[in-house]
Amino acid sequence: MTGIPPHISVRDLNVFYGKDHALKDISVDIPNKKITAIIGPSGCGKTTLLKSFNRLLERADNVKVTGQVLVDGEDIYDPKMEITHIRKKMGLLSQKPYPLPMSIYDNIAYGPRIHGEQNKKKLDKIVEHFLKTASLWEEVKDKLHGPAARLSVGQQQRLCLARGLAVGPEIILGDEPTSALDPKSSQHIEKRFIELKERYTIIVVTHILRQAKRLADYVLFLYMGRLIEHGPAQAIFENPQQEMTKEYIFGVIS
Amino acid sequence: MDKRYIEENIFKFLMAVSGLLIISVLLLILGTIAYKGLPYLSWEMVTQPPQNGYYLGKGGGILNAILGSLYLTGGATVLALLISLPVTLYLNVYAKKDSVSVYVTRFVFDVLWGIPSIVYGAFGFTLMLFWGMQASLFAGIITVTFLILPIMTRSMDEIIRMVPGPLLDASYGLGATRWETAWKVVVRQALPGISTAVLMAFGRGIGDAASLIFTAGFTDALPSSLGRPAATLPLAIFFQFSSPVPQVQGRAYAAALILTLIILGVSFASRFLTKRFTRHIVR
Amino acid sequence: MLSSFVTIYARRLFVDRAAKRVLELVVVCSGLILLIIAGTLYFRSLPVHGQAHWGSLLMSREWHPSRGQFGFLPFIAGTLWVTGVAMVLAVPVCLLMAIYLVEYAPRFLREGINPLIDILAGIPSVVYGMWGVLVIVPFVKNYLAPWFGVSSSGYSIIAGGMVLAVMVVPGIIHITMEVLKSVPQELRDASLALGATKWQTIKNVVTRRAMPGMVAAIVLGLSRAFGETIAVLMVVGNVARVPGSIFDPAYPLPALIANNYGEMLSIPMYDAALLFAALILLLVVLYFNVVSRLILSGTKWSSYYYG
């Protein structure tokens, strides 16, 4: 990697759910302005790792986290750290899109508003701009004040993308963001990701190997809570070093 | 025929009997109230307070009790909402799920829900004596607030618990604080359920008599001040029903009909509101 | 620009923390209500239960307030009789109805009956009492008692029990239905696939699985019946004697409080005795709640009660 320090680097991260040791000694740097895919069989801790990046884990019960996650050089698990600050730097796309219970317009404006933007004209601009970025503008420009819940699932996911981008993050986290979508909508989201990686660091959890191959520049392979292997996508897919990675990529374990 | 099916058919028969029994009892109750009450129902009943000689069968109505019940229960519902909404938001947004404090709080409200209204009445009266107050609209409001608080809180809690976790994550993910999430996302998402809980508590409060016997008092005057006694519908029914004068007894039937209609109206309103508020709800 | 961001940010965090403190305060205060009620009742009734033994208070038949004798047995017996009769009448009907609605009834019937049960739950207790006086009391006097060869004024335990039975029906049905619905479909399929009939499946698999929840439903119904006041008071006769049969009048605890509290305070210790009655009711409800909670151990059904 070049001179710019990585946005996210993980140091000796361990996560426990009660007695369940979900992530074991993870250390890795996530490259900037690239798409990083986290792959591995289900239940291997992919989503846990993703959620540890913006501390959404702590909503669950008796979770214990040790080690460090550094975002722009700051340890987000430092008790003194104010978390809303970190979360603003990251946009999140969940498996199933969850529009907020308000209109399309208010969904996008929600983030900027809570962060202090009150100017109606500016908000209008923000809403239009990010809906265009998520290529949703043409479909919804006539019903901006209609309920977001009435959009199709594919549209909702793009809305969630636009909503996440509107708070001005540097990083986009996707937790299997296409798993609830039809093939057409999935393609839509993937295209957006490829456009966006020039400006954002994107981290995507996926269990679809082909999707990882299509999208990823960098790959982390997790198995049973351990980071087995990580490296540039081409290297991992064409010449995996570890036996386990080979078995997964060539379809022996799944 | 197979023996197994004979047993099944016996039980199916018993089930049908049970069902018919319950439905016919319901119809019998509604029918009795309507049959007895309708002849005495008049415009005068709902627009006038009792006139002189009302309890001997002369003119007047029960406007005092209707207004008294609405004010009293309305006031109690507002007070209860001011407590139960913060409690449910705390339980579901701020507190860690399944922590001891959450468990204890839910348990306490379950027990409070189970406490008979007569106990609240006796407790309210003791408080009144302690503060040197008289039976009054205010004392009634406080007592009914105690009575409906657990109902409102626990039913609201069940609703707000259903708000999907990822929806909270979506809001946190944008950098919102817990308070912003609670107030702007959770409350909006749960609005239909919250309004149902509020109306349910209102319906329960307006029908209760036992908590008011000692606390709200009774008067023929329209309610005018928090410090004065106030008439209420359940007590108006209770007192007039024991009158030997047929005309007065008839008015008890009419009052019962009015009270039942109000409660059914509230229950239908809550269904209707639930439908209206679902516009923005995420499923 | 940066400084305005910092102030907005500081304000948001402040609001969040302040809100947390306020909410915590409300939660703690509302949680204390139970303690305050229990404490008030306990200490205000101290003159009665402070000197006498609890057991002798609860087991004595002598109720002569003006002589300072407070034996609660007639009232406790009255409460137990009325509640018992109500449960015997209500429970089988409720369980059968709930099983029918969940297992057999077509969808439209189930959804059509729900609002009817809600109506039954919504009728105020004074109206139930009125209905009892108009319909049940004459029925007991003119038909039921003669049929058993006894004479009765109609104002009796059986009348109170019948009215009360109708009143607890909606709650028990509601919660039992929730419990039955929560039995996984796979369990039914597994039994049916072994060649069991529908009824055998219900009898041996569904109800067995749902048993704790159904017991809890009954316990909660019992606790509701225990404290019902006005409706029972209107039909039960209110005679302070230990009843001998279900056609005798009785005087349940809640009725005792409702009829006398607030008026007879001139007699020394009378108010303490009535608050002691309230304390007994509170303790019984607390006990029932703990029991049903232990049975359900933290499942969500309990709050469906009283709907």
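This is a predicted model: local features need pLDDT of at least 70, side-chain atom pairs count only at pLDDT 80 or more; totals for chains, interfaces and linings use all residues.
Start with the fold of chain A. The chain holds 10 helices and 10 strands. Its radius of gyration is 18 Å, close to the 18 Å that the globule rule gives for 254 residues, so chain A is as compact as a globular protein of that length. Along the principal axes, the C-alpha atoms of chain A fill a box of roughly 55 × 45 × 40 Å.

Next, look at how the chain packs. Take the contacts in chain A with a separation of 6 or more. Residues 24 or more positions apart account for 66% of them. Burial can be read per residue: 57% of the 254 residues of chain A count as buried.

Chain A exposes about 11200 Å². Carbon and sulfur atoms supply 50% of that area. As for charge, chain A carries 36 positive and 30 negative charges.

Finish with the cysteines. A search of the whole structure, over all chains, finds zero disulfides. C44(A) has a relative accessible area of 3%, so C44(A) is buried, the cut-off being under 20%. C29(C) has a relative accessible area of 43%. That value lies between the 20% and 50% cut-offs, so C29(C) counts as partly exposed.

Key
Residues are numbered from 1 along each chain as its sequence is written. Chains are lettered from A and ligands numbered from 1 in the order in which they are written. Side-chain values use heavy atoms; hydrogens and water are left out. Helices (H or I, at least four residues) and strands (E, at least two) are DSSP runs, numbered from the N terminus. The radius of gyration is taken over C-alpha atoms; the globule rule is 2.2 Å times the number of residues to the power 0.38. Buried means under 20% relative accessible area, exposed over 50%, partly exposed in between (1.4 Å probe, protein chains only). Contact means heavy atoms within 4.5 Å. Accessible areas come from the Shrake-Rupley method with a 1.4 Å probe; for residues, only the protein chains shown count as cover. Lys and Arg count as positive and Asp and Glu as negative; His and the chain ends are not counted. The place of a charge is taken as NZ of Lys, CZ of Arg, CG of Asp or CD of Glu. A disulfide is a pair of cysteine sulfur atoms within 2.5 Å.
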